[in-house]
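User: I have a structure here and a few quick things to check. Can we go through them one at a time?
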Amino acid sequence: MQLENRLDSIIKKVRGYHPDPNITQLRDAYEFSRRMHEGQTRKSGEPYMTHPLEVMDIIADLRLDVASLVAGLLHDVVEDTETTVEDIRNRFGDDVAFLVDGVTKLSKFRFNTREEAQAETIRKMIVAMSRDLRVILVKLADRLHNMRTLKYMSESGQERKSQETMDIYAPLAHRLGLNWVKTELEDLAFRYLYPEAYYDIAEKVASKKRQRQSFIREVISILDDLLTEHDILAEIYGRPKNFWSIYRKMREQQIEFEQVFDILAFRIIVDERPQCYESIGLVHNLWKPIPGRFKDYIAIAKPNGYQSLHTSVIGPYQERIEIQVRTHEMHKIAEEGIAAHWLYKEGKAVPDQDDEKFAWLHQLMEEHQDHEDPVEFLESVKIDLFHDEVYVFTPQGDVLSFPSGATCVDFAYAIHTEIGHQCSGAKVNGKMVPLKYQLQNGDIVEIETHKNQRPNKDWLSFVKTGRARTKIRKAVRQEQRERSRELGRELLDKQLQYHDTNIRAWEKSGDLDKAASKSRFGTVEELLGAIGYGKTQPEDVVANIYPPKKKKEDDEPKKKDKPGTIGKLWNKLVDRKDTGVVVDGIEDVMVSYAKCCNPVPGDDIIGFVTRGRGLSVHTRDCNSVSHLERERQIPVRWANDTEVPDSARRPVSVRVYCTDKPGLLANISQSFSNSGVNISEAQCVTTDDRRAVNTFEVLVHNRDQLKRAMKDIENIKGVYKVERTSSGTSQ
């Protein structure tokens, strides 16, 4: 009965905004979902059906259509029961079936790593939402309720879900303009990722709640009198900023809570656009504005359609306060985003290609098509979704937004892929600048091109956008594949000379096609590329066509005499003791670990065949990798048992930024010890403003142990930031 009462209350909410909802279908979906989930419970011990109902309620808060509400009720039946998408289609129609399929996780497929599974799930969701934005709205409702009930999960599950929420779902809510969803997701994730910092801020905010409420009432009264005096009718609200935004400011500016002055934000909501500017002028006349803090998002709206005027002023009692001014329509869009002007009212399932507010979505789709590696795609999504933005102009006056730190090369690729590929120079505000110049708000950018210019892999060290990174990687890989095929062709030709023939003769006779078909690579291009990369040896390819024959010792090709081949180096790598690294299924490899990045078990790694010193292992995101010869790079992975013994723990450099106060260094050292991490070396530097930068060389078993230790330290009061750093030089 309790569940039925909950359903009735949600239906009542739906009737409040929907002109003619299909209540029969809603009740049918409820009964179907309840029957399918019969006997299932949540980790809290409640009947599982409480979750679909709460998801439906959040969808109703978003004021979505009946198909979305039904999908909310059914979103888990395909994953958690024997129900198929076809069953959903037959009973509830194509619309609902598509939405349910779009939000269903790929749990029935097998992946090598959890990150790969996450990447493929996000990829599928991006593809689905490009066809129907309701997919992500239903998914956000699902994630929001899961985050609200996260306390019942294991600690590792809480951390995993929270990090995914912070990386993907909160930024997606922001992109869609769902401000209330974004802020709640951020604070919930913050609570589990950094619990000590969260509760510390919550306690400090609560301790001055009465005083703050009194101050808010006073400011609202002053503003109301000011605007009324000038015949401006306005609604005024005041609130503290959400906890995560406060914490981010503390970390970015390396300050304590007491030094965060503009914790309070006020909103002035007026009827007409001109009144926004008039109101902000009156506020600046009343209270002194803080230079550099005025932002006009009305004239230049954010990519998600957000419009408002922002300013920070020195208010009553010399308190810093932030004030936002917008119209009622702007406020509706700011809070409800896409749901505020629901596209289905116009019969459209997805915004037009030229709808600027959703250019980011079309860009994600384009990158999905370009990415072969799902994990790289996920990295690209994170970069493009989660960033502070700068706004720059084309010479024609068009406004483009970029992540903070984006460069002229990012700008070039945003204009067109070929402009990026042929980018040879850049002018900013009429002056020549380096290609790695970081764009600033208001810059006018002009790109110079040259037809012979090609993408440079060094650009990967400074580009910021996922689009630029994807296009550069694709072009560089294509060039490297071509070089590897040329090298493979040369090596095979040299091998064939021992049999009194050459590769051109093999091509004419069809033996080259025959050799490719007999190999595991299938095609001639793939075979030549594999030889060039060192994945197979040319003598093995030839042996598939020519049976072995006895030759004089002097006629035998000697590996050590083959110039330009990886073979002679590769032979030095095998028959070595186990190192925990696997190369193409071979575990006996002579390995050294690059000191530039100090990889540890759990890191994503790549191998580099050095000249005479075995295999050097780097992390894939190591800056040195882009400078290494592609022909000498080979895929490697950690062995199944990735935890090394105490005698072989890996060195890592960790930098801790904190306040300079007694006892803090001892707390940090104790935190390392509690995590089972040994400190082999420490360097501590203090600054004049009572800050400290501590660099520790530590020994760890694997990446998970390092992450746990860094997280524990980050939760210590007085610590602003903890990061893993590079040290030394490449070996």
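User: Is Met153 buried, partly exposed or exposed?
Analyst: This is a predicted model. In it, Met153 has a relative accessibility of 22%, so it counts as partly exposed. Buried would require under 20%.

User: Where does Met153 lie?
Analyst: Met153 is in the loop between helix 9 (134-148) and helix 10 (155-175).

User: And what is Met153 in contact with, leaving aside neighbours within four places in sequence?
Analyst: Met153 is then in contact with Lys43, Gln158, Arg160 and Lys161.

User: How far apart are Met153 and Ser44 in sequence and in space?
Analyst: Met153 and Ser44 are separated by 109 residues in sequence, and their C-alpha atoms are 8.7 Å apart.

User: Changing topic. In what order do the strands of the three-stranded open sheet run?
Analyst: The order is 10-9-11, with antiparallel pairing. Strand 10 (431-433) and strand 11 (445-449) are at the edges; each has a single partner strand, so one side of each lacks a neighbour in the sheet. On average, neighbouring strands of this sheet are turned by 35° against each other, direction ignored.

User: How many bridges are there between strand 9 and strand 10?
Analyst: Strand 9 (residues 423-428) pairs with strand 10 over three bridges, in the antiparallel sense.

User: Which residue in strand 10 does Val428 stand opposite?
Analyst: Val428 stands opposite Lys431.

User: Last one: which helix lies across strand 9, strand 10 and strand 11?
Analyst: That is helix 19 (residues 408-415), which runs at about 80° to strand 11.

Methods: Residues are numbered from 1 along each chain as its sequence is written. This is a predicted model: local features need pLDDT of at least 70, side-chain atom pairs count only at pLDDT 80 or more; totals for chains, interfaces and linings use all residues. Side-chain values use heavy atoms; hydrogens and water are left out. Two strands pair if DSSP finds at least two bridges between them. Helices (H or I, at least four residues) and strands (E, at least two) are DSSP runs, numbered from the N terminus. Axes are lines fitted to C-alpha atoms, for helices over the stretch in contact, and angles run from 0 to 180 degrees between N-to-C directions. Contact means heavy atoms within 4.5 Å. Buried means under 20% relative accessible area, exposed over 50%, partly exposed in between (1.4 Å probe, protein chains only).
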